[in-house]
Amino acid sequence: MKKVIISVLLLCCTNAFAQSNKPTPVFYEIFVRSFADGDGDGIGDINGITQKLDYLKQLGIGGLWLTPFHPSPTYHKYDVMDYYAIDPEYGTIADFKNLLAQAHARNIKVVMDLVVNHTSSRHPWFINACDGKAPYANYYVWSDTAKAKGWYNNLKNPQQKYYGFFWEQMPDLNFDNPEVENEVLKIASFWLAAGVDGFRLDAAQHIYEPHEPEKNMRWWNKFHKHVKQINPDAFIIGEVWNKDSLVAAYLKDGMDACFNFDLSAAILRAVSTSTPGDFIQKLISMHALYRSYNPNYADAIFITNHDQDRYASILNNNIPQMKQAIAILFTLPGIPFLYYGEEIGMLGKFPDELRREPFLWGLQSAYNTRWEKAVHTTSATVIPLDKQMNDDKSLFSYYRLWLKLRNDYPFLSRGKLVTHTTTYDGCIAFELLDKQQQYLIIHRLAPGNLQLKLPKNATVLYAQQATKSGNKFQLSAGSVLIIEIK
Ligand code: CA
């Protein structure tokens, strides 16, 4: 009997421990080619990242998402020719293992992009498949009759067409073939053994086309099981660029987190129109939906990523609106993802290359990459990092402040989002519940002043641009309050 009681207690404690220590790092997406050049050839590389880990640590980053680094014919490398190697222009496996060791020594996790919806048309599997060679012929999706968009001629056999959802040079893998599944599981095992902390699953909803969530999830459940058997703590985050009702299904025994694209749009809408609308109500119902599929899911929150115009460009470089977007992002529960360069206000608009311009370390910095001529982010339009670091009024300093708040107050990451009883006109206001504590967060969006009385037993943890007189605060556009209610 005693034994039973002890194990029950242990079980409770284990769960409570997991809850209270839920890792809550802020992630940073690195477009490898553009971030930091470690060897002077003008192209970003693995060693460049390693040499900038102290910078990232200083910024408050606890996790990295690296865009693909495998051998590939394209600059972005989202079409892989060899899943077991590093593209020589980025470095070697030894460089990568060194990056992992150095990152882990600084308590920074490293998640890699896994691009398995398709390969490069130059992958040996596809070259063999076009020649009809076993077993590779069945690695891809073929048809003799298809005429629809996305089907391309096999140049070796004109009777036959292959499927490529994104592009002629990105043939889709055939996940009805168990050998393909095993190849992908083997790739995951290889990189987990090398020490990566997880995977960002590129194009996760496109495994089966047209969009078939149930078939996609059959595969991702299998992938999830495999990865967690090797490392239960490995982090699996999915790119499912779709509405919340379709994203939710991917959170059940598939992904630990999915990127919240709807939230990205909602943040930009709220700050650019200065109106809260139904921002919080929508997010609360989204969370309820996601929780019904996976109680332990994490919301991967972000403003923009490498496939979108940079938000500084979307907001026309309006610094007060940008600061408001940052403050909103960092007060919402989940795991925030910064896209490299956001911390210095980099600009960038379609086409994609111009959303991925060289990071501006300094006017003369040897780390600046030169693989493309920057159009939007130049020293004439954006203040380089080295200058911003020494200016406590810079956007960089504002980011550092918010990352510090985020890291100092774990309730911001793990709190349960609920509505607050009082509504404040022109404000995004909400509560976060964490460990029987109640926190109130208020962002003033609308122009004009708002005077508000603090709730009873309130302790102000952080006030930005808010004038206090007695137990009243005067807020204006851009004000933020973080309050603990006892
Ligand atoms: Ca280089």
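This is a predicted model: local features need pLDDT of at least 70, side-chain atom pairs count only at pLDDT 80 or more; totals for chains, interfaces and linings use all residues.
Local features need pLDDT of at least 70 and side-chain atom pairs count only at pLDDT 80 or more, while totals for chains, interfaces and linings use all residues. Residues are numbered from 1 along each chain as its sequence is written, and side-chain values use heavy atoms, without hydrogens and water.

The calcium ion is coordinated at 2.2 to 2.4 Å by Asp 37 (OD), Asp 39 (OD), Asp 41 (OD), Ile 43 (O) and Asp 45 (OD). Donors are N, O and S atoms within 2.8 Å of the metal (3.2 Å for Na, K and Ca); water is not among the atoms, so sites may look incomplete. Along the chain the donors are spaced D-x1-D-x1-D-x1-I-x1-D.

Buried means under 20% relative accessible area, exposed over 50%, and partly exposed in between (1.4 Å probe, protein chains only).

| Residue | Relative accessibility | Class |
|---|---|---|
| Asp 37 | 2% | buried |
| Asp 39 | 53% | exposed |
| Phe 166 | 41% | partly exposed |
| Met 255 | 1% | buried |

Phe 166 lies in the loop between strand E6 (157–163) and helix H7 (178–194). Helices (H or I, at least four residues) and strands (E, at least two) are DSSP runs, numbered from the N terminus.

Met 255 sits in the loop between helix H9 (244–247) and strand E9 (257–259). Beyond its neighbours within four places in sequence, Met 255 contacts (heavy atoms within 4.5 Å) residues including Leu 201, Trp 220 and Asn 294. Its C-alpha atom is separated by 9.4 Å from that of Arg 200, 55 residues apart along the chain.

In helix H15 (residues 395–408), the buried residues include Phe 396, Tyr 399, Trp 402 and Arg 406.

Conventions
The expected span of a helix is 1.5 Å times one less than its number of residues.
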